[in-house]
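Subject: Structure handover

Hello,

Here is the structure for you to look over. My notes follow below it.

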Amino acid sequence: MTTTLTGSNHFLVQAELRKLVKAFVAEHTEMGLQRFDGEEAEYDQIREALESLPFLASKKLVVLRNPSANKEFVARAEQLLANLPDSTDLIIHEPKLDKRSVYYKYLRKHTTYKEFNELEEAGLIKWLCEQAKSQGGNLDSSVARYLIERLGPNQQLLHSELAKLLAYNPSVSRPSIDLLTEPTPQSTIFQLLDAAFAGNPKKALKIYQEQRAGKTEPLAIIGMLAWQLHIVALIVVASQRSDAEIAQQAKISPYVVRKSRQIARELSLAQVRQLISRLLELDLSIKTTSIDADDALQTYLLNIST
């Protein structure tokens with residue numbers, strides 16, 4: 001049996017890979033497990049592993065990570081995979097597939113194809129609540145949403161922080177989240193822009209000053225603002241498309257798209273371009289002149305607010 005694992009959700013792909021490998025090892029031991037990286041292994045090594053019979057085990061599992069990096073493998077994949085011995089199972093882990101390619105179409109049609117993409121907010125909330133329950137804890141959906149807003153949509157980070165919260169108290173609450181977690185820069189910068197565009201300069205400047213107190217440098221803040229405005233520009237250009245479509249095309253989280261859409265609704269493409277252009281000028285000025293970076297950035301935020 002051949003299984004293909006792919007998609008932008010690295011956390012879920014890795015979780016599925018670990019589950020499949022663990023199930024195989026439990027039944028057949030590690031003697032039958034072989035792993036290869038397509039960026040390092042020669043084609044003949046991969047072919048030999050797939051065609052040879054298992055040694056000291058009743059069955060073999062070969063795990064290939066990114067075999068599409070090996071051009072010879074891609075060219076011969078159809079013939080090679082069609083003739084796998086019954087004693088060999090294969091997992092193909094492709095972090096990114098070209099969906100226009102013949103190789104992708106073959107994997108889609110002739111293997112057990114599993115694609116894991118980033119979850120939207122509702123999916124993340126459901127997943128967090130299920131994770132808490134499976135670990136003997138309790139997490140309300142509104143508290144799960146608060147945790148996502150504070151930390152962002154990265155599932156690996158959410159998973160590790162949830163484990164910490166559950167160890168502190170099986171019933172996760174907002175106060176425990178505030179006590180034990182730090183808001184991610186991405187989420188904080190969204191809040192900063194959201195406050196500025198909502199015409200709340202006091203809140204925007206407060207968030208900025210908190211970032212600076214936390215030792216985040218002005219140039220780092222500019223970089224995060226540029227990233228956020230880039231997402232806003234994508235939404236403005238593709239305004240008729242759904243959050244999921246935009247996220248898939250841009251290879252970003254649907255959660256990030258949804259959170260940015262409210263800002264995008266208030267702006268035309270010309271206004272977004274102007275904001276990005278002014279941010280670029282600010283970045284160049286800070287790097288090439290002796291202006292006060294904090295004053296300049298706070299003035300930029302005040303201009304947005306008004």
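A residue counts as buried under 20% relative accessible area and as exposed over 50%, with partly exposed in between. Leu20 has a relative accessible area of 23%, so Leu20 is partly exposed. Leu20 is in helix H1. Setting aside residues up to four places away in sequence, Leu20 touches Thr3, Leu5 and Ile91. Thr3 is 17 residues from Leu20 along the chain, and their C-alpha atoms are separated by 9.6 Å.

Please keep in mind that this is a predicted model.

**Overall**

The protein chain has 15 helices and five strands. Its C-alpha trace spans about 70 × 45 × 40 Å along the principal axes. Of the 306 residues in the protein chain, 46% are buried. Take the contacts between residues at least 6 apart in sequence: 72% of them join residues at least 24 apart.

The accessible surface of the chain is about 16700 Å². Carbon and sulfur atoms account for 50% of that surface. On charge, the chain carries 37 positive and 37 negative charges. The mean positions of the two sets are 4 Å apart.

**Cores**

The largest nonpolar core has 70 residues. Which residues have the most contacts inside it? They are Leu128, Leu139, Leu158, Val172, Leu225, Leu282 and Tyr300. Helix H11, residues 218–237, gives the most to this core, with ten residues.

Val172 is worth a look on screen. Leaving out neighbours within four places in sequence, Val172 is in contact with Asn138, Leu139, Val143, Leu162, Leu165, Leu166 and Ile177.

There is also a second, separate core of 21 residues. Val62, Leu81, Ile92 and Tyr104 are among its members.

**Aromatic pairs**

The structure holds three aromatic pairs. I describe two here.

Phe11 and Trp127 form an edge-to-face pair. Their ring centres are 5.5 Å apart, with 80° between the planes. This pair links distant parts of the chain. Phe11 is in helix H1, residues 10–28, and Trp127 is in helix H5, residues 121–134.

Tyr113 is buried because its relative accessible area is 15%.

**Positive phi**

Most residues other than glycine have a negative phi. Two residues here go the other way.

Thr29 is not a glycine, yet has a positive phi of about 70°. Thr29 sits in the loop between H1 and strand E2 (33–37). Its relative accessibility is 40%, so Thr29 is partly exposed.

Asn66 has a positive phi too, near 50°. Asn66 is in the loop between strand E3 (60–65) and helix H3 (71–82). Its relative accessible area is 13%, so Asn66 is buried.

His93 is in strand E4, residues 88–94. With a relative accessible area of 6%, His93 counts as buried. Which residues does His93 contact, leaving aside neighbours within four places in sequence? They are Leu5, Val13, Gln14, Leu17, Leu64, Arg65, Asn66 and Pro67.

Lys105 is in helix H4, residues 102–110. Not counting residues up to four places away in sequence, Lys105 touches Lys99 and Arg100. Asn117 is twelve residues from Lys105 along the chain. The C-alpha atoms of Lys105 and Asn117 are separated by 18 Å.

Best wishes

How values were computed
Residues are numbered from 1 along each chain as its sequence is written. This is a predicted model: local features need pLDDT of at least 70, side-chain atom pairs count only at pLDDT 80 or more; totals for chains, interfaces and linings use all residues. Side-chain values use heavy atoms; hydrogens and water are left out. Rings of Phe, Tyr and Trp (its six-membered ring) pair if their centres lie within 6.5 Å; planes under 30 degrees apart count as stacked, over 60 as edge-to-face and the rest as tilted. Helices (H or I, at least four residues) and strands (E, at least two) are DSSP runs, numbered from the N terminus. Buried means under 20% relative accessible area, exposed over 50%, partly exposed in between (1.4 Å probe, protein chains only). A nonpolar core is a set of buried Ala, Val, Leu, Ile, Met, Phe, Trp, Tyr and Cys residues joined through side-chain atoms within 4.5 Å. Contact means heavy atoms within 4.5 Å. Accessible areas come from the Shrake-Rupley method with a 1.4 Å probe; for residues, only the protein chains shown count as cover. Lys and Arg count as positive and Asp and Glu as negative; His and the chain ends are not counted. The place of a charge is taken as NZ of Lys, CZ of Arg, CG of Asp or CD of Glu.
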